Amino acid sequence: MLLMIDPGSAAQARQLLADHPQQLSDDEFVARATMLHDLIEDPPTDRPAYEAVLLRRRMTEIWSGSEHTTALPVEFRYRLFQAGHLDEPGPLRHLWGHIYCGTVKFYRALSGERSCLKSAESHCRDALLIRGHNSTQRHPSWTEARDESTMTLATILCCLYEQDRELLAAGGPTAQNIRAYADEAIELTEQPPATPQVIHWWRAVRARALVYRWCDADTAVRDPADIDGAISLLESAAAQPGNEGLGSQKLLADALIERRGHGDLARAIEILSVWVGEVPADMAPAGQQSLAQARMFLDGDDQLFDASYGDALATGRLRIAWDTKTQHAGWLRATGRTREAAHAYLSAFRVLPGLVGLQGERPDKEVVLLHTGRAASTAATDLVRSGSPGDLIAAVMVLEASRAVMLGEMLDLSGPQAAPGGGLERARLAQLSTHIAALENAAAGGQLSPQQTADRLNLAYREYAALTGNSAHSRPTVEVAGLPTWRTVCRAAQPAPLVYLTAGDSGGGAVIVPHGPSDEKQPIGISLPRLDHPTVLELVALLRRMDELEGQNLDPETGESRIQIMTRVLETLWDRAMEKVVEELGGTRLAVLLAGGLLGMLPLHAAGEMPQERPQSWRFALDSIAFTYAPTVASVTWARTHRKDASQWKSLLVLAPPDDSPRPMSREAELEALCRLEGLVLEKIDTLEDNETLIRALERHDIFHFAGHGRPSATDPLSGGLYLSAGQTLPVASFLAEPPLPGRVAMIPGCSTAMIGDHLPEESVGLPTALLQAGFTDVMATQWSVEGGLMAGLIDGLYRRWREPRTHPAFALAGIQRELFRTGDNGRALHPLYWAPFTHTGG
């Protein structure tokens, strides 16, 4: 009995068969037939579809005697189709159907579609379940199906382990779940298979799982039998080199490298030297990476890493390129070569935008990004300490790279819609990015003449622009196709200097990109040895504790009042960071702060000296400089390109939900101030029925003003957002569901609307960043709870100043904050606790 399938798929299959060979070549037919066939077969059933049978027969005829069957996915399909395993109805066909779907999805995962790996695992488990229900069957086909599904599942488990291996450092349940992949693979391969054809496969997969268990076990509990057994299995494996690393000489060499004996390393080098010359070009980089690693462990020679990285880029193997450079960087840092390690990390970070989306859910991504962010902060700090122009440029690129990846991952910009082309195109972008950086560093160091530099850079810029222009779905804050060039950064600094800040484990630094018309600026580095990650963590914790206190209550841990805590935070920021930055900025009137992660949660703009007995002598960073915050240079460029002059505003949308929060704020004066604004049509929404209502309303107005509280989420910024009422939140993610709305302004002056994620170094994701991502050019938000009595005057003064012709919003905000400081407390100086929470984000 044959299965009736969807009429549309059946019609497409019949049309495809009719068009071949008159209108379709063999290759065109196979490409389309394969996709349609797999669509029909998933999910598998115990009855074959008539059209699928016909497609299989036609493809088998084409493949018979064809050289194309040497490709693994084609060879697998050809073998299965020719054997007729999918043609005879019954439970055996159902079982083979799951094997087929699981294997096909496994191959898709190997080609870069990592999301297919879990689906492949599910199909293989279903196959084993069907085999268990038919355990009395003794026909060789049942045995072959059991062995094939077992080995495919074990292989997938090894791949899942490899994919998530970096997350073992997280410990706890995450590490336990990952180790379970290797343990189950070892359990599944406890006994050799009965099918002779898969013996070599069994040896390779079991050895691979044993190597994983040995490598990642604590040294005290490592079992030498694991690594010795793996090497023994691989030495007896009959598989030829190049078999996807399964049972190949490459895997044997990797196991020898892991055992680390002098003889093992020498033998691994011998094996790999032959292997890389025999395998296809696109597989050679994996061997070159292992060869570089063996050389490094044997005699400290790290020269092969650069060649391995370059070959991986040239063949589109971005994951290998990333692994090669991060491994190299870690070794350089461990041997005290911190500056070289920083440059190696920069090369690795240039690959990351092309790898967006390789991890799974946010918890998995976060652990990887945690290591990436810490490495970026440390590398940038080391480069700043060097002080050379080339190293300072590299520091900026390190920070831009890591923050772009943070944003891309956390804002869920991964996937084909966010990156152009395939692996080779993304690899070419990484190559160009690296090449441009080398040219810019050479120019900064005087190693090339101005004309040589200009000619070579212009050629590289044109190709880079052509490739990045292929991305039609780019977002304002992230250049998902690649990283900005130094020329892009310099152009963004033309109206106002850019100030990059970072804090590492052993100190921090700042890089100032001066303002001015030149496209080739000389950056200024500032070493900030006391601005380290622990200090920033402490300041963020203090800020949070301060925000939780009510009225005149004192902090139970420190005995300090809210004002005392805020004073300590601001003076620490001044002493350890902003005093040097302000001094270097000199007479600048406007500056852009690019402070990622935890630093972006702190009131850098209000850092200052505050002698307790002399308020008249207080000084703050914003006394002479208006500061605006931005997550990346791409967001700065977006805001400046799409910002409207505020004098042209025509309409204002106010969302004012009922305030049933634990700390209700008085909004009457704020709303009255909004109603008094002249020349603006005001639309007020009290109750939001659905998110779509707000999105459609936003399209009609220039300004979005939210009269309510923020509800930030430190651990999952996308789930935080604007508190509506009755426990409901308008999440950050809802603003990203639609195409960008360029030119809009967001005023969200309620409590704690500017907070961002707090446990990923360099993370910049929060409501302001999400609104920029949604197309807003300017976002006014707050870093902690606001005193309601000041809100009306601040809102009135801010709108009034901002709407003066050609006034930058940061100037308007800084002006009203200075005014409140001087006269806000009945003509006396007002403490920054009350006026400093307000920030401008946009650039």
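Trainee: Where is the place of Pro21?

Mentor: Keep in mind that this is a predicted model. Pro21 sits in the loop between α1 (7-19) and α2 (26-41).

Trainee: What is the peptide bond from His20 to Pro21 called, and what is its omega?

Mentor: That bond is cis, with omega near 5°. A cis peptide bond also joins Asp42 and Pro43, where omega is about 10°. Pro43 belongs to the loop between α2 and α3 (50-63).

Trainee: And what does the chain look like overall, in helices and strands?

Mentor: The protein chain has 30 helices and 16 strands. Of its 843 residues, 58% count as buried. Among contacts between residues at least 6 apart in sequence, 72% join residues at least 24 apart.

Trainee: Let us turn to α4 and α5. Why is α4 called roughly antiparallel to α5?

Mentor: The axes of α4 (residues 72-83) and α5 come within 10 Å and cross at roughly 170°. Angles over 145 degrees count as roughly antiparallel, so α4 is roughly antiparallel to α5.

Trainee: Which residues make the contact?

Mentor: On the α4 side they are Leu72, Pro73, Phe76, Arg77, Leu80 and Phe81, and α5 brings Trp96, Ile99, Tyr100, Thr103, Val104 and Tyr107. By class, the contact has ten nonpolar, one polar and one charged residues.

Trainee: What does Arg93 touch, not counting residues up to four places away in sequence?

Mentor: Its contacts are Glu41, Thr45, Asp46, Arg47, Pro48, Arg56, His85, Leu86, Asp87 and Glu88. Take Pro48: although Arg93 and Pro48 are 45 residues apart along the chain, their C-alpha atoms are separated by 8.0 Å.

Trainee: Are Cys101 and Cys159 buried or exposed?

Mentor: Cys101 has a relative accessible area of 5%, so Cys101 is buried. Cys159 is at 9% relative accessibility and therefore counts as buried.

Trainee: What makes helix α11 mostly covered?

Mentor: Eight of the eleven residues of α11 (residues 249-259) are buried. They are Lys250, Leu251, Leu252, Ala253, Asp254, Ala255, Leu256 and Ile257. These buried residues pack against α9 (199-215), α10 (224-235), α12 (262-278) and α13 (284-299).

Trainee: Which residue just after α11 takes a positive phi?

Mentor: Arg260, with a phi of about 70°, although Arg260 is not a glycine. Arg260 lies in the loop between α11 and α12.

Trainee: Why is Arg260 called partly exposed?

Mentor: Its relative accessibility is 41%. Under 20% would be buried and over 50% exposed, so Arg260 counts as partly exposed.

Trainee: And what makes Arg806 exposed?

Mentor: The relative accessible area of Arg806 is 75%. The cut-off for exposed is over 50%, so Arg806 is exposed. Arg806 is in the loop between α28 and α29, and has a positive phi of about 55° although it is not a glycine.

Trainee: His808 lies in the loop between α28 (788-802) and α29 (809-823). How do you know whether His808 counts as buried or exposed?

Mentor: His808 is at 14% relative accessibility. That falls under the 20% limit, so His808 counts as buried.

Trainee: What does the side chain of His808 reach?

Mentor: The side chain reaches the backbone nitrogen of Ala810 at 2.9 Å. Leaving aside neighbours within four places in sequence, His808 is in contact with Leu590, Thr628, Arg643, His840 and Gly843.

Terms used:
Residues are numbered from 1 along each chain as its sequence is written. This is a predicted model: local features need pLDDT of at least 70, side-chain atom pairs count only at pLDDT 80 or more; totals for chains, interfaces and linings use all residues. Side-chain values use heavy atoms; hydrogens and water are left out. Buried means under 20% relative accessible area, exposed over 50%, partly exposed in between (1.4 Å probe, protein chains only). Helices (H or I, at least four residues) and strands (E, at least two) are DSSP runs, numbered from the N terminus. Contact means heavy atoms within 4.5 Å. A polar contact is a pair of N or O atoms within 3.5 Å; within protein, one must be able to donate a hydrogen and the other to accept it, and residues adjacent in sequence count only if both atoms are side-chain atoms. Axes are lines fitted to C-alpha atoms, for helices over the stretch in contact, and angles run from 0 to 180 degrees between N-to-C directions. Angles under 35 degrees count as roughly parallel, over 145 as roughly antiparallel, 65 to 115 as roughly perpendicular and the rest as oblique. Ala, Val, Leu, Ile, Met, Phe, Trp, Tyr, Cys and Pro count as nonpolar, Asp, Glu, Lys and Arg as charged, and the others, Gly among them, as polar.
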